Amino acid sequence: MSTTRIMSDTDGNNNQAGILNTQPPFFSTEEALDFVRDLYGLDGTISSLDSERDQNFRIDTPSGDQFVIKIANSAMDPAVLMMQVEALAHIVMVDPELPVPRVLYSRNESALEWIQANDGRSHYVHILTYMPGCYPPDDSTSRALYRPLGACLARLACALRGFYHPAAKYELLWDLKQSMALRGYLHHIPDPEHRQLAGYFLDRFERVVLPEIPKLRSQIIHNDFVPNNLVVAEEDPGEIVGILDFGDMIYTPLIMDLATLIADLFRGPEDPQEIAVETIAAYHEILPLEPLELTLLYDLIATRMTMLNVIGSWRVNLYPDNQEYIAGYVDSVWENLMAWRNLDPAEVTRRYFRACGFWESEELVLSKRVSKETRSTQLERRARLLGPCAYLFYENPLHIVRGEGVWLYDEEGDRYLDVYNNVPHVGHCHPHVVKAISHQTRMLNTSTRYLHGLILELAERITNRLPEPLSVCMFVCTGTEANELAWRMAKLVSGNDGALITRHSYHGNSDAIIGFSSEEVPFEKLPAHVATFYAPLSNTTYREPDSGLHEAIETLGERNHRPAMLIFDSGFTSDGIYTPPSGYLRILYDETRRAGGLCVSDEVQVGFGRFAQHFWGFEFDDVVPDIVTMGKPMGNGHPLAAVVTRPEIAEALAADTGYFNTFGGNPVSCAAGLAVLDVIEVEELQQNALIIGNYLWERLLELRKDYPVLGEIHGAGLLLGVDVLTTDDSPDPDLARRVMNHMRQNKVLIGTTGPNNNVLKIRPPLVFNQEHAELLLASITNALEECV
C-alpha cells in the first residue's frame, strides 16, 4: 500500500516552537465524520479526545470496530507523520506482542490523507485502531505499574532499534538534548523562585550532560512514554494493553526515553527514588543500560521535569482556555523539583548503579584483583592460605581465569578443551544461565520462608521428569547436603542405621557422608555401620547373584546394624564408570527392601541427560528409587542440589525434625536451575550426548586396535571410561597419569578414575560436538604415541 500521498510542504514551520506555537486544528464532530466517510468509508458514533497540539476523535462503527482519528497540527511536517506511521508498522513486524495501534489505510490505500479547514489551513489526517482499556490509576495503586512500565519501554526501544527515517532528526522542543533552548522561555514562569530553580537545573544540564551527549547511544525513541499515553487492563492496572501517541518520536539519545518516563511518575506520596529504582531495574533486565547513561540520569530526570514546567508555563500564556490540560501538573512538578534539588546526585546515581548490578568502584577493585603474580608465588600463597587439603589437578597446575562453552582459558589467554568438568553441564558461562542468574540477583535473593514462584516451577519441572510417586522436592546447595538429607530420611523411615555402598564410591565430604565415600576413606577405616558391595564388571555384566550385596547385609548384621539405605552413584563414576546392566538394579533394590532399607539413587554425577539414553541413570533398569539425590550440573556451576522423594517420607521428616536450608532453593539458584533445564531442552543436549557419545565410542574402539594398552570402554553418552592396561592386561595407573598430563600439556583436559586410577575419565560439558571430539581423539593418539 502507498504511504506517500502527502502535500509538498507545510509553510516551513518546522522550527522548535513552530508546532507548539500554532493553533491546534478545530473541526466539529460533524465535519470529522464527513471526511472520514469520504476518505475511509467509515461511519458510526464519533466523540472528541484530548490533545495538546493536534485534534483527535474516537469513532465507534456499527460493526463494533473502534478507531482514533488523528488530525495533525498544520505546522506538522508530513515526513514526520510518515515516520510515525512507518515506525508503527516496524514495531508490529519486530515485536507483534507489543500493544501498539495498527494503521488504517484510506480508500486511496494511503496511510496519510489531507483535509482543509474553513480557515484555509491544511491538515494531515491518519486513522489508527483504538486501544481499549483505561488510563493507569493516579494513586498509590500505580506502584504495581512501575516495573511493567520499565520493561515495556525497554521492549519498545528494542523494537525500534533497527528503525530509521530521514525525518527523525527534526527540531522538537520536547527533545531533551535541545534543552538549552528552554532558556528562552524562562521569563514565562511567573514565580521568581521557580524561575531560579529551572535555571539551576538547566545550568547543571549544560555543565554535566551536554558535553556527554555525543558519547550516548542514540536511536529513534517514543519520547513520550508516560502513563497518560498508555492504557492498562481494567481488571489489572499492572498490565499495559495499549501504547498511545507516537507524536513526539525523534532520533535522540536512548536514555532520554527512560528519563522522560521516570520524571512523569513522581506524582504522589511514593518515594521518587523507589519509583526510579524499580523502573530502571526492570528496563535494564531487558535492555542493559550503560554506566554513562546511569551517571547522567539524575540530571536528565531533573531536566525533563524542568522542561514540563517551562513549556507548560509558556503554553498556558498562549492558550489560557486549555490551561487544565496543558499545565494541570505544574504545581506538583515544582514540588518534585525542589525535593530533587535536595538529593545528593552521587547517592542517587549510586542507587541506580546498584539497581542494575553495577558497583561504582568495580573497575578499581577488579584492577587490584587481576594483578599479576608469578606461578611460584601463587602456589606458595595457596599452600599458606588454603593448606595441604586443597590439592590441584595435573603435575603442572593450570591458572584458569575464564571459561566459555567447552573451553577454559588461562592467564596468558591460551585455551584448553575441557573434557573433564561435569559441573558446567551446558557449557561454561552459558549466556542463558548467566543472564538468568544476573537477572534474578538484581531482583531478589532470599530464603524459602517466603512464597516465590521459581522454586515451585523448578520443583515441578524436575518431578515431571521422575516416575511416580517421586513428587516431593527439597532443595539444598551441594550433593553432600543432598545425600546427608537422604541419609536422615532413610534412618528415620526404616528405623535402621546401616548403609550399603559400592567398593569405590564417592557421595560427599561431611562427617556423616565421608563414611560412604570409600574412594576417599581406606577400606579398613570405614565405619562399622557401612558395608560394601561390588559395582558392575562392565556395562553388561555383574557378579552373580547380587554383586555381594547379600554378604554386605549379613556383615552389617554381624555388627548389630541393619540397612537403612542402599546408595550408589548410578554411573558408578568412582568405581570406573559403568551403566547399570539389565536386571542389576532390580536385584539390588529387591534385596535391600527385603532387609528393611530404602533405595537411594545418587544422580549427582550422571543426572540431567549425561548418560544420553536416559535422563537419569537409574532408568537403565525397571526400578523406582525411594529417594533421588542430584547436584553438580543442576546450576551449571551455581551451588544447587536437591532431594526428591515420596510424600510419605517427606511427611515423616516433617513430623520428626523438619528441614530448612537457608540457601537451598533460593530464587537465584532456582533461576539457574530453570535456565539449565531450558538449555538442555532447547539445544537438545541429551540427544547431542547420545550422538557424540556414540561417535566417540566407535572411534575409541578403532583406536584400541592400534594401541593394545587401551582396554575396555564403558559408560554411555558423554560419560565414558577407558581402561589403561599394561602389556599383561593389568591396570596401569602410571601410564594413565602420564597420558592425562601429556594431554594437559597439549591443552586437552581429562581425568582418571577407578579403584586403580587407571581409567581415563571423559566427561565434557554436554555442548561438546564432533569437532571437539576430533580434537580429543587426536590428543589421546598423540599422548599414546609419546607415552607408550
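Leaving aside neighbours within four places in sequence, isoleucine 280 is in contact with Leu258, Ile262, Leu289, Leu294, Leu297, Tyr352 and Cys356, where contact means heavy atoms within 4.5 Å. The structure is a predicted model, in which local features need pLDDT of at least 70 and side-chain atom pairs count only at pLDDT 80 or more, while totals for chains, interfaces and linings use all residues. Residues are numbered from 1 along each chain as its sequence is written, and side-chain values use heavy atoms, with hydrogens and water left out.

Ile280 also belongs to the largest nonpolar core, which has 98 residues. A nonpolar core is a set of buried Ala, Val, Leu, Ile, Met, Phe, Trp, Tyr and Cys residues joined through side-chain atoms within 4.5 Å. Buried stands for under 20% relative accessible area, exposed for over 50%, and partly exposed for values in between (1.4 Å probe, protein chains only). The members of this core that touch the most other members are Ile280, Leu297, Ile301 and Tyr352. Helix H7 (residues 291-318) supplies the largest share of the core, 13 residues. Helices (H or I, at least four residues) and strands (E, at least two) are DSSP runs, numbered from the N terminus. A second, separate core has 91 residues, including Ile455, Ala552, Leu696 and Leu776.

Helix packing comes next. Two packed helices are described by the angle between their axes and the distance between the axes. For helix H3 (residues 146-160) and helix H6 (residues 272-286), the axes come within 7 Å and cross at roughly 35°. Axes here are lines fitted to C-alpha atoms, for helices over the stretch in contact, and angles run from 0 to 180 degrees between N-to-C directions. The crossing of H3 and H6 is right-handed; a crossing has this hand if the near helix is turned clockwise from the far one by less than a right angle, and is left-handed if anticlockwise. Among the H3 residues that take part are Tyr146, Gly150 and Leu153, and H6 contributes residues including Ile275, Glu278 and Tyr283. By class, this contact has 11 nonpolar, two polar and four charged residues. In this grouping Ala, Val, Leu, Ile, Met, Phe, Trp, Tyr, Cys and Pro count as nonpolar, Asp, Glu, Lys and Arg as charged, and the others, Gly among them, as polar.

Charged side chains also pair up elsewhere. A salt bridge is a side-chain nitrogen of Lys or Arg within 4 Å of a carboxyl oxygen of Asp or Glu, and by this rule the count comes to 32. In one of them, aspartate 248 meets arginine 53 with an N to O distance of 2.6 Å. Aspartate 248 sits in the loop between strand S9 (236-243) and strand S10 (250-253), and arginine 53 in the loop between strand S1 (45-49) and strand S2 (55-60), so the pair ties together parts that are 195 residues apart in sequence. Aspartate 248 and arginine 53 are both buried.

Another salt bridge joins aspartate 224 and arginine 304, whose closest N and O atoms are 3.4 Å apart. This pair links distant parts of the chain, with aspartate 224 in the loop between strand S7 (218-221) and strand S8 (230-233) and arginine 304 in helix H7, 80 residues apart. Both residues are buried. Arginine 183 and aspartate 203 form a salt bridge too, at 2.8 Å between the closest N and O atoms. Here arginine 183 is partly exposed, with a relative accessible area of 30%, and aspartate 203 is partly exposed at 37%. Glu395, Asp734, Arg737 and Arg738 are linked in a network of salt bridges.

The backbone holds a few sites to look at as well. Most residues other than glycine have a negative phi, and most peptide bonds are trans. The peptide bond from glutamate 468 to proline 469 is cis, with omega near 5°, and proline 469 lies in the loop between H14 and S14. Isoleucine 577 has a positive phi of about 80° although it is not a glycine. Isoleucine 577 is located in the loop between strand S17 (563-569) and helix H17 (584-594) and is buried, at 0% relative accessibility. Lysine 632, in the loop between S19 and S20, has a positive phi near 25°. Lysine 632 is partly exposed, with a relative accessible area of 33%.
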